[in-house]
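Q: I have a model open on my screen and would like to learn how to read it. Could you walk me through it?

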Amino acid sequence: MKAVAVSKFKDIPVVMDLPKPAVRPGTVLIKVAAAGMNPFDWKMIDGIMDNGKMPHQFPLIMGVDGAGTVEEVGEGVTRFKKGDKVYGQFIHAPIGEGSYAEYAIVPEKSGITLAPSSLSAIEAAAVPTAGMTAQQLLDKLDLQDGDTLLINGATGGVGSFATQLAAAQGIKVIATVTDAASAERMKKLGAADTINYKESPLATQVKAKYPEGIDGLIDLVSDGAGFTANLDLLKSGAGALTTVFVADEEALKSRNIHGGNFETQGSAASLDTLSLVIDRGVLTIPVETKIKLEDAPAAVALSRQGKGKGKTVIVI
């Protein structure tokens, strides 16, 4: 089978011809139809999970998010059967049996579940990590109908989902954008307001528009200094979360703001909740770019530069 893989940590990914994996007890063999790309994918090949506890194997096949059809089930599998359409996070030990491949082995107890009936495989592959992250960020902030939420980094995958999910809850979303086209796109996804941070500093614009302060912040892009500066935009008692792990706990406490660093907890149950929302028609899946397996190495290089809008999906 063809797969995008690396031979060692921090290597440049290439398309390789590798053996089709054999099903093991407790796992399913998935014929992959599509794989969703996330920044975490290249962080894995840089060794983010190489903590001495998580085994890795090389060649290390990239990819966490995927969608496809169960081709074979291993001994003891009860949740799935051959022919089931599934989606989710394929990540498991050993790291290196990822979704950027024509076939993937996934334990049935990992973060996969039946795909939403209303989605194509390409759309489903775009959902898992970004969708669950957005959903869990909003759950953690616990905002109410009518509250204001600034999403910094709104045009990417997580931001696109968070904007829609928040708007569906009656939350007033302020989305950061870079131009008129992205502003129009975010308003279609439910943003009540957009701020082009290239015109003048984000904090200056938000303070001018919302002098009384805002109720919540989801920051998907700022460094430590930027995240701390954005805390000044919040009311006392508000919530602020960063997915970049740059929060200064003392800065939060001194401003009476809850939140801080946020890490997604992927699970089949969380995906099932998201599937219900999707099948109710609440979400537009923000697939911006569809590529072939052969194009994935170049797309990974682009992702490293942080220039993504919506989701890139590898169609296999």
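Q: What share of the contacts between residues at least 6 apart in sequence join residues at least 24 apart?
A: Keep in mind that this is a predicted model. Among those contacts in the chain, 66% link residues at least 24 apart.

Q: How many helices and strands does the chain have?
A: You can find ten helices and 17 strands. The radius of gyration is 20 Å, close to the 20 Å from the globule rule for 316 residues, so the chain is as compact as a globular protein of that length. Along the principal axes, the C-alpha atoms fill a box of roughly 60 × 40 × 35 Å.

Q: How many of the 316 residues are buried?
A: Counting a residue as buried when its relative accessible area is under 20%, buried residues make up 52% of the chain. The chain exposes about 13,800 Å², with 52% of that area supplied by carbon and sulfur atoms.

Q: Which residues of helix α5 are buried?
A: Here is the general idea: an α-helix has 3.6 residues a turn, so residues three or four places apart point the same way. In α5, residues 180–188, the buried ones are Ser182, Ala183, Arg185 and Met186. They cover an arc of only 165° around the axis, which puts them on the same side of α5.

Q: What do the buried residues of α5 pack against, and which exposed residues sit on the face turned away?
A: The buried residues pack against α4 (157–168), β11 (172–177), β12 (193–196) and β16 (287–292). On the face turned away from the buried side, look for the exposed residues Ala180, Ala181 and Lys188.

Definitions and conventions
Residues numbered from 1 in each chain as written. Predicted model: local features only at pLDDT ≥ 70, side-chain atom pairs only at ≥ 80, totals over all residues. Heavy atoms only, no water. Helix = DSSP H or I, 4+ residues; strand = E, 2+ residues; numbered from the N terminus. Rg over C-alpha atoms; globule rule 2.2 N^0.38 Å. Buried < 20%, exposed > 50% of the residue type's maximum accessible area, 1.4 Å probe, protein only. Contact = heavy atoms within 4.5 Å. Areas by Shrake-Rupley, 256 points an atom, 1.4 Å probe, with all protein chains shown as cover. Arc of directions from axis to C-beta.
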